[in-house]
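Visitor: I have a new model open and would like to learn how to read it. Could you walk me through it, feature by feature?

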Amino acid sequence: MTASPGLGTPLTASPELLRSVFRQHAAGVAVITAQGSRPVGFTATSLTSVAADPPLLSFGIGTGASSWPAVSEAEHIGVHILGEHQQELAATFARSGADRFGPATSWRTGPEGVPLLDGVLAWLVCKVVARVPAGDHRIVLAEPVVGDPARPGRPLLYHQGGFNALRD
């Protein structure tokens, strides 16, 4: 393989190569929630709109994640789009061992018993329609059933291993 001018030396595919490349990819930040024996949730940057008709979205979750047991059995999940003012909330839901639904997190029980976070830019409650094996993860496909699409604010982004605000 010949390197093109201005390009570095290609690296052999590996988990680290994938992580390094995706550090260059800015992604929106969401929190996914579910109700198991207790409320669970995690920060996700893998949220994707899949189809408009019927409306479908997807996200990835590691099978070793503390939220996986509840998500693996949940009929409904919550999807929350975070605003740039919610970096600490994103960090809490990303941190292993954190008390994600403790006193610092403002939330309520929403439709279908799904935990809903307060103050987010937008939220959806979705019915899980599939969990597709993908390496050490599962791709969850879900169909929105109810939501609130528009609160004022700008989205929180994840880039280069940190949370960032959108710049004009």
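Visitor: Let me start with the pocket. Which helices and strands each supply at least two residues of the lining of the largest pocket?

Guide: A word on the source comes before that: this is a predicted model, where local features need pLDDT of at least 70 and side-chain atom pairs count only at pLDDT 80 or more, while totals for chains, interfaces and linings use all residues. Residues are numbered from 1 along each chain as its sequence is written, and side-chain values use heavy atoms, with hydrogens and water left out.

Guide: Now the general idea. On a 1 Å grid over the protein atoms alone, a pocket is an open set of points where a 1.4 Å probe fits, with protein on both sides within 12 Å along at least five of seven lines; lining residues have an atom within 4 Å of a point. Helices (H or I, at least four residues) and strands (E, at least two) are DSSP runs, numbered from the N terminus. In this structure the elements you ask about are helices H1 (15-22) and H3 (87-94), together with strands S1 (27-28), S3 (39-44), S5 (55-62), S10 (137-148) and S11 (156-159). S5 gives the largest share, five residues.

Visitor: How much space lies in the largest pocket, and which residues are the closest to its centre?

Guide: A volume is the space filled by probe spheres set on the points, with grid points joined across faces, edges and corners. Here that comes to about 1,200 Å³. The lining has 35 residues, and Ala44, Thr45, Ser46, His137 and Tyr158 are the closest to the centre.

Visitor: How many residues of each class does the lining of the largest pocket have?

Guide: Ala, Val, Leu, Ile, Met, Phe, Trp, Tyr, Cys and Pro count as nonpolar, Asp, Glu, Lys and Arg as charged, and the others, Gly among them, as polar. On that basis the lining has 21 nonpolar, ten polar and four charged residues.

Visitor: What is the volume of the second largest pocket, and what lines it?

Guide: The second largest pocket has about 230 Å³. Its lining counts 13 residues, with Arg38, Pro39, Ser66, Ala98 and Arg100 nearest the centre. Strand S3 supplies the largest share of that lining, three residues. By class there are five nonpolar, five polar and three charged residues.

Visitor: Which residues is Ile61 in contact with, leaving aside its neighbours within four places in sequence?

Guide: Contact means heavy atoms within 4.5 Å. For Ile61 the partners are Phe42, Ser67, Trp68, Val71, His137, Arg138 and Val140.

Visitor: Which residues of H3 are buried, and what do they pack against?

Guide: Leu89, Ala90, Ala91, Thr92 and Phe93 are the buried residues of H3. They pack against S2, S3, S8 (115-117), S11 and S12 (162-165).

Visitor: Is His76 buried or exposed?

Guide: His76, in strand S6, has a relative accessible area of 13%, so it is buried.

Visitor: What should I note about the backbone at Glu112 and Pro54?

Guide: Glu112 is not a glycine, yet has a positive phi of about 60 degrees. Glu112 sits in the loop between S7 (107-109) and S8, and is exposed at 55% relative accessible area. As for Pro54, a cis peptide bond joins Asp53 to it, with omega about 0 degrees; Pro54 lies in the loop between S4 (48-52) and S5.

Conventions: Buried < 20%, exposed > 50% of the residue type's maximum accessible area, 1.4 Å probe, protein only.
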